[in-house]
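Colleague: I have a model open and would like to learn how to read it. Could you walk me through some of its features?

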Amino acid sequence: MYVAKMTIGGRAVPGATTFEVKNPSTGQVIGTAPNASNTDLDSAVSAAQKAFASWSRQSDDELQAACLAVAAKINAHSDELATLITLEQGKPLNGLGSRWEMGGAGAWANYTSGLSLPMKVLQDNGQGRVELHRKPLGVVGSITPWNFPVMIAIWHILPALRTGNTVVLKPSPFTPLATLRMVELFNEVLPTGVINCVTGDDHLGGIGAAMAAHPGIRKIVFTGSCATGRKVMQSAATTMKRLTLELGGNDAGIVLPDCDPKAIAEGLFWGSFINNGQTCAAMKRLYVHESIHDDVCENLVAFAKSVPMGDGMSEQNMLGPVQNRMQFDKVASLVTDARKKGELLLGGEVGDGLFFPATIIAGLKNGDALVDDEQFGPALPVIRYRDVEEAIKAANDSQNGLGGSVWSRDIEHAKHVAGRMECGSVWINKHGAIQPNAPFGGTKSSGFGVEFAEEGQQEYTAQQVIFS
Ligand code: NAD
């Protein structure tokens, strides 16, 4: 049993009560995490405020060196953290699983450590000199989901620290263990109070809601569902907090008629089923031209059948269980409805525990729940289309606008279609391939603000113009 503690002002804090964390592959309790009280949250915010006074005055080189030390900790403890992720999240160690997540966390941490936001001279002439400076905001509150617990925390923490802010982090109650351990490790190389971690079981909105309303926190970076994102935005209004909201997606993929169905099957599968579909920018609707529709379905199903699913601790498995019962029931109910309206090509029948087989259902259209709603699980609807205008219109007929993809041998034509899609990122002949040097974020109800690259870094700063 793993008994995790919070880190507040450099101290290990057990919390007055705890909650259980279960392994979704086995249903067994693998550890406990503390329930933070409002007093614990106040202490974490005070510690971060106190640390901000000196951390925000570090030179650019000092901040870079400290962030590189954090990145080194991630890399040195990568196996330990990957094991914790697999145990609490369910994704396999292997494939695009927890070792891959840790690889991403290390890569993002290294890249972000090297990003500076130097002062810009806007004018320097006889009329005077105008300088644009970027200043840290203060205490940043980071709230993370359960699908990529460590990598998403790194996406929040590193740009915040690198630009001179201090942090209070709160992971999802489904996956708190790897994050708590990671913050413990970071405290071995960072000054007291620079990063703090609090956890809670989400009872009555819980500690996340208290963070969004806390007057000592200057910005919230939130990754999670659209529904919770709206609540965060509402409670942030009273204290005028800065926000970055990375919310849900319902990404469409459009397969143009010139594709080779066999050649794209593997890319389509992993673009959709990465982490069992529990990925914000996974492909959640697939529009295929009628001339190759059946061939694409056949090849996709054949590839899907070759991917082993099971307990993530076993090296042979490439897909694990759905992370929690609530999500499992949501996917099951969408699939039950879709089976009545379309044609089941693969999966559909639930297995043991939280294992839900990769499911592909054709014959669906916009207006069917599996097409319109974010399933966030291993069930892909395939929609047949006749002309590309119809596919673009259907792809854009969504409240979400996170990502999208176009599949074609004609890259220029694919780019033209990409430009007409209403979303923050569009990939050609792949889906969801984010990288640390390109800004990533949603349009419409998928949120606002971006992460990564210089544009993402800027969101952790206030601009100050000095005229002399
Ligand atoms: P969620 O919204 O249920 O929870 C996210 C976090 O918010 C958790 O830490 C939770 O404890 C906390 N929370 C709960 N109630 C709160 C409140 N009232 N105020 C503040 N915080 C509160 O989301 P989830 O189920 O953990 O994650 C799945 C969702 O996240 C999906 O919709 C997915 O698309 C989205 N997501 C988006 C991105 C992205 O980059 N756009 C990335 C990953 C996941």
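Predicted model: local features only at pLDDT ≥ 70, side-chain atom pairs only at ≥ 80, totals over all residues.

Colleague: Which polar backbone atom is 2.7 Å from a nitrogen atom of the ligand?

Modeller: That one belongs to L247.

Colleague: How much of the ligand's accessible area does the protein cover?

Modeller: On its own the ligand has 850 Å² of accessible area, and the protein covers 91% of that. Around the ligand there are 30 residues, of which T144, S225, T228, L247 and E374 come nearest.

Colleague: Now the helices. How are α2 and α5 oriented, roughly parallel or roughly antiparallel?

Modeller: Look at the angle between the axes: over 145 degrees counts as roughly antiparallel. Helix α2 (residues 60-76) packs on helix α5 (residues 149-162) at about 155°, with the axes 9 Å apart, so the two are roughly antiparallel. On the α2 side, the contact uses D60, L63, Q64, C67, V70 and I74, while α5 brings I154, L158, L161 and R162. By class, that gives seven nonpolar, one polar and two charged residues.

Colleague: And which residues of α3 meet α6?

Modeller: Those are E80, L81, L84, I85 and E88, which meet L177, A178, R181, M182 and L185 of α6. Here seven residues are nonpolar, none polar and three charged. The packing angle of α3 (residues 78-89) and α6 (residues 177-186) is about 160°, with the axes 8 Å apart, which means α3 is roughly antiparallel to α6.

Key:
Residues numbered from 1 in each chain as written. Heavy atoms only, no water. Axes fitted to C-alpha atoms, helices over the stretch in contact; angles between N-to-C directions. Helix = DSSP H or I, 4+ residues; strand = E, 2+ residues; numbered from the N terminus. Parallel < 35°, antiparallel > 145°, perpendicular 65-115°, else oblique. Contact = heavy atoms within 4.5 Å. Nonpolar A, V, L, I, M, F, W, Y, C, P; charged D, E, K, R; others polar. Near = heavy atom within 4 Å. Polar contact = N/O pair within 3.5 Å; in protein donor to acceptor, adjacent residues only side chain to side chain. Areas by Shrake-Rupley, 256 points an atom, 1.4 Å probe, with all protein chains shown as cover.
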